[in-house]
Amino acid sequence: MIGKTTGALRPVCRKGSLLLRKRSVCVLFGGVSPEHEVSLRSAESVLNNLDPAKYNVFPVGITREGQWILFGGRDYSMLSADTWLTCPQNRPAAISPVRGQGLLSFENDCVVREHIDVVFPLLHGENGEDGSVQGLLQLAGLSFVGSGVGASSACMDKAVTKLLCAQAGILQTDWQLVTQKSWSRGAQGCMEKAERAFSYPMFVKPAGTGSSIGISKAKNREELEASILDALRFDDKVLIEAFVDGREIEVAMLGNDSPCASVCGEIEAGAEFYDYEAKYLADSASFYVPARLDSETEERVRETAVRVYETMGCRGLARVDFFVRRADDAVVFNEINTIPGFTSISMYPKLFAASGIAYSDLLDKLIALAQEA
């Protein structure tokens, strides 16, 4: 195969008397994950808001089967419509783990090599948010938006997150762990143990999914069993959590060594809880930005969000979710998401818009943070 590079042909832009090179940004989307569809929607929004005067953009999609494709179109609505695979300008692609090679795409017998300054992973959930892609990018010597391998992996695993936050003294929901092995050895015993610790309702969650995939609210033994079986379809570790009667509050985080927290947002699910359907399909949820909290409680939530972010070793961005308990206004940590949704209705960009950072400016800041040493 014959190799060539287009790196020397990158256009430049002028700002005053300075000649500035555009930065090349590879946006990764799709992925082999139950959250594939959400990723397509996030990528559409991000690609439509990256300033073409500042960036050369290389949209790389990963199919549900794991093929990497450099999307050749400019109509990004094809992503959310899931018709992007039909674009005739598409080319097979890969990020090389060999340092200095960057993005490779394949055209007939030619390998086209593109220099990449920053990779923006929008791969929600498994095989994208869990440290796997971050490991590839680290091997390749590429700067990327978001947390590194360790923090990504730890935040993706809700059990590990809870253990680390407990060590840091952060108040959180009470929980128990059920593994595929312990369930196989004694399902009744697992449920009886949970019933001794918690009253109904309980929440059941796979340890390693986001977007509320596989999460159920169990009101009795029959529903608890069905919920655990459903969650085990997505992960071999499942959390059973005590119900917290509280307001659902979210905070967006931005930064590396000196992170800042956005204003708080509040969600009223309009359903049993804020599940996948309420997040992305139905129109039942209500959002309040800023949240309906007094200033003292809001400040405690934001301070706790920073503590969680730093405890987990995050960089770039994250969304931290809490309950503010109705009985006493206690701030109870729920979970953290290192690649939060960037869809048109996602809370992460909404929270920073309310904090004074517009969507396109937020992307600029994230790309700049990725290139910090």
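At 45% relative accessibility, Asp328 counts as partly exposed, a class that lies between buried (under 20% relative accessible area) and exposed (over 50%), using a 1.4 Å probe and protein chains only. Its side chain meets that of Arg325 in a salt bridge, at 2.9 Å from N to O. The term salt bridge here asks for a side-chain nitrogen of Lys or Arg within 4 Å of a carboxyl oxygen of Asp or Glu. Arg325 is partly exposed as well, at 29% relative accessibility.

A word on the model itself: it is predicted, so local features need pLDDT of at least 70 and side-chain atom pairs count only at pLDDT 80 or more, while totals for chains, interfaces and linings use all residues. Residues are numbered from 1 along each chain as its sequence is written, and side-chain values use heavy atoms, with hydrogens and water left out.

## The five-stranded sheet

Let us turn to the sheet. Five strands form an open sheet in the order β18-β17-β16-β19-β20, with antiparallel pairing. Strands (E, at least two residues) and helices (H or I, at least four) are DSSP runs numbered from the N terminus, and two strands pair if DSSP finds at least two bridges between them. At the edges are β18 (286–288) and β20 (331–337), each of which pairs on one side only. From one strand to the next, the twist averages 30°.

Strand β19 (residues 316–325) is joined to β20 by six bridges, and the two run antiparallel. Phe322 has Phe333 as its bridge partner in β20, and Val324 stands opposite Val331. Five residues lie between the strands of this hairpin, where Asp329 takes a positive phi near 65°. Although β20 is an edge strand, seven of its seven residues are buried. Helix α12 (residues 359–370) lies across β16 (246–255) and β19, running at about 60° to β16; contact means heavy atoms within 4.5 Å, and angles run from 0 to 180 degrees between N-to-C directions of axes, which are lines fitted to C-alpha atoms, for helices over the stretch in contact.

Arg292 lies in the loop between β18 and α10 (295–311) and Glu266 in strand β17 (residues 260–268), so the pair ties together parts that are 26 residues apart in sequence.

Asp321 and Arg319 form another salt bridge, their closest N and O atoms being 2.9 Å apart, and both residues are buried. There is also a network of salt bridges that links Lys162, Lys205, Glu241 and Glu335.

## Strand β10 and its parallel neighbours

Strand β10 (residues 118–121) has parallel partners. Four bridges join β4 (residues 23–30) to β10, with Cys26 and Val119 as bridge partners. Two bridges join β10 to β11 (residues 143–144), also in parallel, and Val118 stands opposite Ser143 there. From β10 the chain crosses through helix α3 (residues 132–140) to β11 in a right-handed β-α-β crossover: with the strands pointing away from the viewer, the path from the first strand over the helix to the second runs clockwise.

In a regular strand the side chains alternate between the two faces of the sheet. In β10, Val118 and Phe120 point one way and Val119 and Pro121 the other, and all are buried.
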